[in-house]
Amino acid sequence: MATTPTLHAFLSSNNYEFFYMRFQTVSSYYFTGIARLFKKVIILWLFLLPLRSYTQDTGNISGHVIDADTNTPLPGVSVYVRGTTMGGTTAWDGYYEINGLKPGEYILIAQIMGYEKQKRKVVVVDGKTTKLNFGVLQAGIQLDEVSIAAKRTDIMNEPLPMARIDAAQIRRSSPSGTSDILNELPGISTSRTGNWGSKPYFQGMTDSRILVFIDGVKTNQACPMGMDACTATIEPNMIESMEVHIGPGSSVFGSGNMGGVINVTTMSSKYFSGRKFKTDISFDGKYEGVSNARTGTLALSGGNNRIDFITILGKSIYDNYNTPEGVIENSGYSSGFGHIKFRYRPGRNHELMFLNQIYRAKDIGWPASNTIIPDEKRETYAINYRWSDIGKNLYSLKVNTSYQAMFHDMINYLPDNREYRGESKTDTYNARIAGNWLFGGKHSVVSGIEYSLWKMDARNRIVSDGVVTANLDILPKTSVGELGAYIQDEFHIGEQLLVQAGLRNTSIVSDADPSTDTLFSKTGLRTNENIFSGSLALLYNITGNSVITGALVKGIRGATPVERYIASPMIDGYFRIGNPDLVSEANLSARLGYRGMKDGFNWNVEIYRNHLSNLIEPVVDTVLISDFPDLKGTKRFVNIFNGSITGVTASLGIYLSETFTFNTNISYDYGIDALDGSYLPNIAPLTSFTKLTYENQEKHYWFEGVATLVGSQLNIAEKYGEIRTPGYAIFDIRGGWTLFNELELSGGVKNLFNKMYRNHLNVSQLPEPGRNVYLTIRYRIPLSGNKKKINLKTAQIVNLSIEGMACQYCVNTVTTRLEGVEGVESVRIDLKGKKGIILVDKNTDIGELLEAVQRAGFIAKLESIEPYRKQESRN
């Protein structure tokens, strides 16, 4: 304020007029010169344009993408030129076409979720169309490809990109809990209270504001206090892949789509193309020093081209974890799980899947509040049906039905030899039918109808000196039903603009049983809401290697049974009262991004602003008085405020060489309550993650150095009990070695320098684990149906020339296909020489070898056949 008179005096003086005239003279001189130069450039460009158009012809690429196992066409596959934005998506018959390419050599990539990515080398010739077909393999347990960051579908052609993480990446990061898998993604943070139950935070939102699916089954919490995060009842070694939306997802997702979406796919058996039934058994084991943790899983899997199955049993034991200042007492737990997945394919276009999972954890320590969870259970049953390649327009139809039950038991130890004991249970029923439509090769439409019913009830007892002194149904038999219908279209406008637009209608009905003994027994409890939400996302190609994206998405969340009907003391010392009149929350998210890839670099920058309305929070109510006078008071759930969260994320990847890659990302969020201008809770501070990777694919080993840098958090939400946290830097090292196909070893050190620090999002304000040395082993043993040793005295060497291979992944694809042919003993692919040397039985059908290469998407020609002994004598 003190500078204002001085500035006013300057503007009122003659000095201002002098400087202003001087500025006009100088700027006029420079702008006149720039205009003359610009005019000359335009004239020169207009002169050269016809010459440029005349001298530069273009060529085209076209072909088909098929499933290498079933030989059926694959629609919806992203086929694009590496390092550019030129590409497209295959039509219903698997056909694609890329036009307007300058003559030269290119690398084409075909990629779709559920299949291994394939790269092909192709030469474009002036005025001609080059034919290039792909045969892609279904991804299974044995994943050969390990990417340096979360895998995505073609990020250059996705308006709302989704991060994808596979089992190999999960094994590399060696997470202690499922939410820890997400730590390497920008915009996501995690917190823990003890070893169990770490939960993710997506740009300031967590718990029921993040949708979690396990094999398509919507997962809800059972604990009224939110102690059992939805990701806590799924172990990392059960997971085959994860799909992650950071920020509200598209209109396909219903209530809970506020902060993001996590879709977990659990382990499946590897798909086999032959009729012979094959089985194998595998073991995964891990030891972590910081908590003396021992985890192990045993899996039996098998199948052929008609049926496949996998059965997994797992066990984990975690003791109290250590910090640089000592042991955190009451932080251990033990858990076990069983997993069965069975798939049956009655025809090439039909698949039926049955899933059963049972998870149970015992004696879970909750050190922040002197609490223990004696028993935590989750049971999941699902039946899914998929029908693909139905017709010209309707490509696929999916039907999903599921039931999930969760049980939560808790004991909170109070002063004066008292105990607060609570039990809660939820049942979730889901049904969904969805269709994928393709119209004219231009429009890709997804539509569906889904229904979800969430039932929940809870009760507690207060025990004093072993005698029950209070017994109350804290949550009546409640239910929240959600019926949703949606449609989403993705289409191109011209050559450069891709549009994704969707609309959804969601009806939410909440109800409770008034006959139960609760505070809501004599009030009207049934409520109805009808909510429209939607999404509009644009992707614009600005150059040959970069795009701009923009999106406006509305995410919603209906009030949970706890928020509507709870009546119970809570571990924060307040009596909590629900509110049946709550309305749904909404997040109107605006996002703008810039990403691309060129010359070994890839980058992604996004800024966003989430406008939050009708957020549900518990606030102190001075009117309501509970029956527990020793508590601090009463809190009631209300729609209290509108707010906003603004942030930015940026990531950069550099391919330094064939063996070295560098990745880094940074994120920053800022949340404000519009009512009083205070800071919103659960906002992570400035965070950066950096990773340097060395990988030798020929010798099958890798090393990584990881650095996590977190700034101080000074923007704290004091009215929610947050405190300031200092910044910190954590360094990890890790590596692995695949000795042979059946044995894989890895290990590392987390928190290498034994840093004492606290995560800002850890509401318990406990220190994080100290130095953690860990070792893992993965061993697979083939059991039955595997090929027998051939008679080397009569064996033959078949030499094939193979065209189109561009990288090691192409080699892996061809090798896998050839090894599946009956009578093949060994395969050696020479990428540089473009040839394959196959040791086979004398009765092996050579035509099957050529067909196997062709179904992998490459061109093979027979060069020679000679006896193995003759070849051996030459060597």
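**View 1. The lining of the largest cavity, to which strand β39 gives the most residues, namely five.** The model shown here is predicted, and local features need pLDDT of at least 70, side-chain atom pairs count only at pLDDT 80 or more, and totals for chains, interfaces and linings use all residues. Residues are numbered from 1 along each chain as its sequence is written, and side-chain values use heavy atoms, with hydrogens and water left out. The largest cavity has a volume of about 890 Å³ and is lined by 48 residues, of which N183, T190, T708, D732 and Y757 lie nearest its centre. A cavity is a set of points, on a 1 Å grid over the protein atoms alone, where a 1.4 Å probe fits but cannot get out, and lining residues have an atom within 4 Å of a point. Grid points are joined across faces, edges and corners, and the volume is the space filled by probe spheres set on the points. Besides β39, the strands β10 (188–191), β36 (660–673), β37 (687–696), β38, β40 and β41 (772–784) each supply at least two lining residues. By class, the lining has 20 nonpolar, 20 polar and eight charged residues, where Ala, Val, Leu, Ile, Met, Phe, Trp, Tyr, Cys and Pro count as nonpolar, Asp, Glu, Lys and Arg as charged, and the others, Gly among them, as polar.

**View 2. Strand β39 between its pairing partners β38 and β40.** Strand β38 (residues 701–710) pairs with β39 (residues 728–740) in the antiparallel sense over ten bridges, and A707 has F731 of β39 as its bridge partner. Strand β40 (residues 743–750) is joined to β39 by seven bridges, again antiparallel, with G736 bridged to S746 of β40. Strands are DSSP runs (E, at least two residues), as helices are (H or I, at least four), numbered from the N terminus, and two strands pair if DSSP finds at least two bridges between them.

**View 3. The second largest cavity, with about 470 Å³ of space.** Of the 31 residues that line this cavity, R171, P236, N237, D284 and T297 are the closest to its centre. Helix α3 (167–173) and the strands β16 (278–288), β17 (293–303), β18 (307–318), β40 and β41 each supply at least two lining residues, and the largest share, five residues, comes from β16. The lining divides into 13 nonpolar, eleven polar and seven charged residues.

**View 4. Strand β17 and its antiparallel partners β16 and β18.** Eleven bridges join β16 to β17, and I281 stands opposite L300 in β17. In the hairpin of these two strands, which has four residues between them, N292 takes a positive phi near 50°. Ten bridges join β17 to β18, among them that of R294 with I317 of β18, and the hairpin between these strands passes through three residues.

**View 5. I262 in the largest nonpolar core.** This core has 56 residues, and L182, W196, I262 and L475 have the most contacts inside it; such a core is a set of buried Ala, Val, Leu, Ile, Met, Phe, Trp, Tyr and Cys residues joined through side-chain atoms within 4.5 Å. Leaving aside neighbours within four places in sequence, I262 is in contact (heavy atoms within 4.5 Å) with residues including L182, P200, F202, T231 and E243.

Terms used:
On a 1 Å grid over the protein atoms alone, a cavity is a set of points where a 1.4 Å probe fits but cannot get out, and a pocket is an open set with protein on both sides within 12 Å along at least five of seven lines; lining residues have an atom within 4 Å of a point. Buried means under 20% relative accessible area, exposed over 50%, partly exposed in between (1.4 Å probe, protein chains only).
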